[in-house]
Amino acid sequence: MAVRGKARAYGNIALIKYWGKRDEKNILPMNSSLSLTIECFYTETEVVFDDSLNEDYFYLNDELQDKTTTKKISDFIDLFRKAARINMKATVRSTNYVPTAAGLASSASGFAALAAACNHATRLNLSHRELSMYARRGSGSATRSIYGGFVEWKKGTNEEDSYAVPIDDAKWDIGMVIVIINSKEKKVSSREGMKHTVLTSPFYKAWVETCEKDIKEIKLAIRDRDFERLGLITERNGLMMHATMLGANPPLSYWEPDSVLAMNVVRELRRKGILCYFTMDAGPNVKILCRLSEANIIKNKLKEFFDEEQIIVTGPGPGIVLL
Ligand code: FM0
């Protein structure tokens with residue numbers, strides 16, 4: 001016998017960042033975070049539990065993955081096998097839909113889609129809240145990809161109350177322009193980078209304290225639809241995360257010269273009255289929060305410095321979709 005489930009989940013970009021765990025195993029964060037789900041990037045995942053299989057198989061973009069990668073997926077599916085009391089092995093087929101070939105892969109949409117597909121297949125009927133806690137066990141940022149629009153991941157007090165909540169659908173002229181900057185250097189994963197920062201950066205305590213304030217303030221800005229305040233908090237919080245990494249020992253930086261160029265373009269646009277604000281994650285790409293109605297003005301300015309294929313415009317994305 002076999003049971004099947006399939007789901008789609010969208011990527012998200014944190015405006016208040018998650019950068020550090022207080023519990024590595026259960027993926028409990030040091031601070032609450034807040035993101036915008038984006039529609040330009042999503043993952044579709046199908047899972048088929050089949051009692052004729054002797055092991056799990058994981059295909060990513062039609063390619064069968066090696067043992068190490070498949071083990072991570074197997075460990076994650078085990079959470080569902082345990083809850084649903086089944087021991088069938090599974091075939092997982094996952095496809096990332098990205099606007100350009102250059103990067104932007106995401107564990108957030110990946111584990112959110114896998115969690116939703118497993119829930120569907122096992123008929124566990126988990127609520128979105130429970131689903132976000134399952135997704136969290138795959139990757140912290142995946143917690144937030146269960147919902148659309150602005151989403152908060154509450155740090156919680158234990159593994160049962162650290163989940164995501166939807167804050168606002170962001171359908172009030174909110175958009176993002178993403179500048180894809182290719183890096184030749186081998187990158188440090190978020191998982192390793194944040195661990196290293198927690199362990200060695202003397203700025204870490206100040207970072208966590210600032211995030212507590214920023215989360216409160218950004219939620220007020222969203223409530224009041226105060227875009228300028230929303231943007232200023234976003235830009236400052238992102239820079240502070242990177243400052244915390246620069247304080248690590250040895251220091252950690254994901255910036256490239258072109259990242260700084262893109263940031264300066266944003267500052268220049270702001271001087272000309274276009275409200276736009278940048279943020280960066282564990283890589284050189286620059287994400288610009290803007291009015292969706294002004295995204296093309298920003299894109300045109302960026303085209304003076306970057307190739308058109310490097311610039312992606314997106315609106316807010318929805319929550320998980322069953323397929
Ligand atoms: O998304 O170790 O979720 O809040 O993207 O798998 O839990 O890949 F800027 C970095 C995401 C980190 C900020 O880390 O780590 C954010 C970041 P995991 P993730």
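N61 sits in the loop between β5 (57–60) and β6 (63–64). Its phi is near 50°, a positive value in a residue other than glycine. The model is a predicted one, and every value below was computed from it.

L64 is found in strand β6. Setting aside neighbours within four places in sequence, L64 is in contact with Y57, F58 and Y59. L64 can also be compared with V92. These two residues are 28 apart in sequence, and their C-alpha atoms are 9.7 Å apart in space.

The overall layout comes next. The protein is divided into two parts: domain 1 covers 2–170, and domain 2 covers 174–314. Their C-alpha centres lie 24 Å apart. The domains touch through 33 residues of domain 1 and 42 residues of domain 2. About 3100 Å² of area is buried between domain 1 and domain 2. Carbon and sulfur atoms give 71% of that area. On the domain 1 side, I16, K17 and W19 supply 28% of the area buried against domain 2, more than any other three residues.

Ten residue pairs are in polar contact between domain 1 and domain 2. Four strands each supply at least two residues of the side of domain 1 that touches domain 2: β1 (2–16), β4 (33–50), β8 (150–153) and β9 (164–168). Strand β4 gives the most to this side, with six residues. By residue class, the side of domain 1 that touches domain 2 divides into 18 nonpolar, seven polar and eight charged residues.

Salt bridges were then counted. Side chains of opposite charge can pair when their charged atoms come close. The rule finds 20 salt bridges. Across the interface of domain 1 and domain 2, the count is two. The side chains of K17 and D281 meet in a salt bridge, with 2.7 Å from N to O.

Another salt bridge lies within a helix. E268 pairs with R271, and their closest N and O atoms are 3.0 Å apart. Both residues belong to helix α7 (residues 257–271). They are three residues apart, about one turn of the helix.

The loop between α6 (227–246) and α7 holds P250. The peptide bond that joins N249 and P250 is cis. Its omega is about -5°.

For S139, an N or O atom of the side chain is 2.6 Å from a ligand oxygen. For S141, a polar side-chain atom lies 2.7 Å from an oxygen atom of the ligand. For R191, the corresponding distance to a ligand oxygen is 2.8 Å.

Conventions:
Residues numbered from 1 in each chain as written. Predicted model: local features only at pLDDT ≥ 70, side-chain atom pairs only at ≥ 80, totals over all residues. Heavy atoms only, no water. Domains from an automatic or database assignment. Contact = heavy atoms within 4.5 Å. Buried area = accessible area lost by both parts, 1.4 Å probe. Salt bridge = Lys/Arg side-chain N within 4 Å of Asp/Glu carboxyl O. Polar contact = N/O pair within 3.5 Å; in protein donor to acceptor, adjacent residues only side chain to side chain. Nonpolar A, V, L, I, M, F, W, Y, C, P; charged D, E, K, R; others polar.
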